[in-house]
Amino acid sequence: MAEQRVDDQSNTFEAGRVTVLTGSYTPDTGGEGVGVTALRFTPGDGLRVVDAVAASGASYLAAHPTLPVVYTTHESTPGAVGAFALREDAPPVPLGAPLTSGGANPCHLSVHPNGDFLFTANYGTDTLPGTVAVHRLDGDGRLVDLTDVVEHKGSGPVVGRQEGTHAHQVITDPAGRYVLATDLGADTVFTYQLDAGAGRLKPVGASQLRPGSGPRHLAFTPSGELVLSADELSSTVTCHRYDAETGTLHELSRVPATAVADIPNQPGGIVTSECGRYVWVTNRGADTVAAFRITGTELEPLGEVPSGGNWPRGLTPAPGCLLVANQHSGTVAALGVSGDGSLVAAEVVVAVASVVCALTV
């Protein structure tokens, strides 16, 4: 159940059937979805909805690295996180009761490579700060208890978005040494070390990014030498050198996230290729997915294609394609990937109400 990436491929789908789980906003969280929807993706036959499971405000999903377990945010105030057990040819089932997320509006989560801890980024509100939380997991992947909550400090220059902190993503670096948390409100990537005994995060550094950039999500290249950021507020994609010794980022270059002019745009999801030569980004506003080639430390635009809907948010690889969750149109689209990293317009589109994220398992 490790995260999949797209490598150099033709624009035809590779053989193999995969299960895709999507997360949606529900009526109690401003959406129209059920929560977690299971789809089957079969090359040649496309996407098919298999089943759905109620899960309030399921705005992000993450898989356990070794167990058939998936975790979801319950994005609300206060927030919660939950676990689901995966079953062969059957819908996921809740694995214990949800626990508090350690903050408001949890929007991202990930599992530490050792499989013992779940990290959650809580976006916060206009008055509540962004936080990063740690939950201990048992041997079956169940949520045991909340072991730590770290409150971010800072602000930025964008009025209405950066008066306070807004944690947006928390991931472990490729070496498993540091835990990185992006904060859209503070224009900062905070770096922590995990105390695996106590389940607590020790702050060890902070990378201040461009003022007003609003870093949303990061994506590492396979080597771990570069990390790309989707900058929501400045509508840019930035290439950073990653210092694996200190866990800090150093900007090398940046480009506009979209070539579509005169439309307010907010980059969302970001994915790098397995070969390390390409990166893809969703554009909310332009309603496209953009492709870039990584040449040395520079990003070369390869063009962009319609996302197969409106307000593309989540982006995940599947065999031979990228799956895009289009929130406002309630569609999941499969975009083909060419051998040069460029994208092919959606070949498959399926309806999933208020969908915001997708995960291949």
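Trainee: Why does W280 count as buried?

Mentor: Its relative accessibility is 0%. Buried means under 20% relative accessible area, exposed over 50%, and partly exposed in between, with a 1.4 Å probe and protein chains only. So W280 counts as buried at 0%. Keep in mind that this is a predicted model, where local features need pLDDT of at least 70, side-chain atom pairs need 80 or more, and totals for chains, interfaces and linings use all residues. Residues are numbered from 1 along each chain as its sequence is written, and side-chain values use heavy atoms, without hydrogens or water.

Trainee: How many aromatic pairs does the structure hold?

Mentor: Two. Rings of Phe, Tyr and Trp (its six-membered ring) pair if their centres lie within 6.5 Å; planes under 30 degrees apart are stacked, over 60 edge-to-face, and the rest tilted.

Trainee: Why is the pair of F220 and Y242 called edge-to-face?

Mentor: The ring centres are 5.0 Å apart and the planes stand at 85°, so the pair is edge-to-face. F220 sits in strand 17 (residues 215–220) and Y242 in strand 19 (residues 236–243). They are 22 residues apart, so this pair links distant parts of the chain. Strands are DSSP runs of E, at least two residues long, numbered from the N terminus. Both F220 and Y242 are buried.

Trainee: What makes the pair of Y278 and W280 tilted?

Mentor: The planes of Y278 and W280 meet at 35°, with centres 6.3 Å apart, so the pair is tilted. Y278 is buried, with a relative accessible area of 6%.

Trainee: How do you know whether E75 is buried or exposed?

Mentor: Take its relative accessibility, 16%: E75 counts as buried. E75 lies in the loop between strand 5 (69–74) and strand 6. Beyond residues up to four places away in sequence, E75 touches residues including Y25, N105, C107 and R313. Contact means heavy atoms within 4.5 Å.

Trainee: And why does Q162 count as buried?

Mentor: Q162 has 0% relative accessibility, so it counts as buried. This residue, too, is in a loop, between strand 12 (143–151) and strand 13 (167–172). Leaving aside neighbours within four places in sequence, the contacts of Q162 include S155, L184, D187 and L233.

Trainee: Where is T316, and what are its contacts?

Mentor: T316 is in strand 25 (residues 312–318). At 7% relative accessibility, T316 counts as buried. Outside four places in sequence, T316 contacts C321, L322, L323, A358, L359 and T360. T316 and I270 are 46 residues apart in sequence, yet their C-alpha atoms are 8.6 Å apart.

Trainee: What makes a nonpolar core, and which residues of the largest one touch the most other members?

Mentor: A nonpolar core is a set of buried Ala, Val, Leu, Ile, Met, Phe, Trp, Tyr and Cys residues joined through side-chain atoms within 4.5 Å. The largest has 16 residues, of which V20, F41, L47, L323 and V332 touch the most other members. Strand 1, strand 2 and strands 26 to 29 each give two or more residues to this core. Strand 26 supplies the largest share, three residues. Apart from this core lies another of 15 residues, among them L228, V237, C239 and L299.

Trainee: How many cavities of 30 Å³ or more are there?

Mentor: One. On a 1 Å grid over the protein atoms alone, a cavity is a set of points where a 1.4 Å probe fits but cannot get out; a pocket is an open set with protein on both sides within 12 Å along at least five of seven lines; lining residues have an atom within 4 Å of a point. The largest cavity has a volume of about 40 Å³, meaning the space filled by probe spheres set on the points, which are joined across faces, edges and corners. Strand 19 gives the largest share of the lining, three residues.

Trainee: How does the lining of this largest cavity divide by class?

Mentor: One nonpolar, six polar and four charged residues. Ala, Val, Leu, Ile, Met, Phe, Trp, Tyr, Cys and Pro count as nonpolar, Asp, Glu, Lys and Arg as charged, and the others, Gly among them, as polar. Among the lining residues are L209, R210, D231 and H240.

Trainee: What about the second largest pocket: how many residues line it?

Mentor: There are 19, and T19, R40, R87, E88 and D89 lie nearest its centre. Twelve lining residues are nonpolar, one is polar and six are charged. The space in this pocket is about 380 Å³.

Technical notes:
Helices (H or I, at least four residues) and strands (E, at least two) are DSSP runs, numbered from the N terminus.
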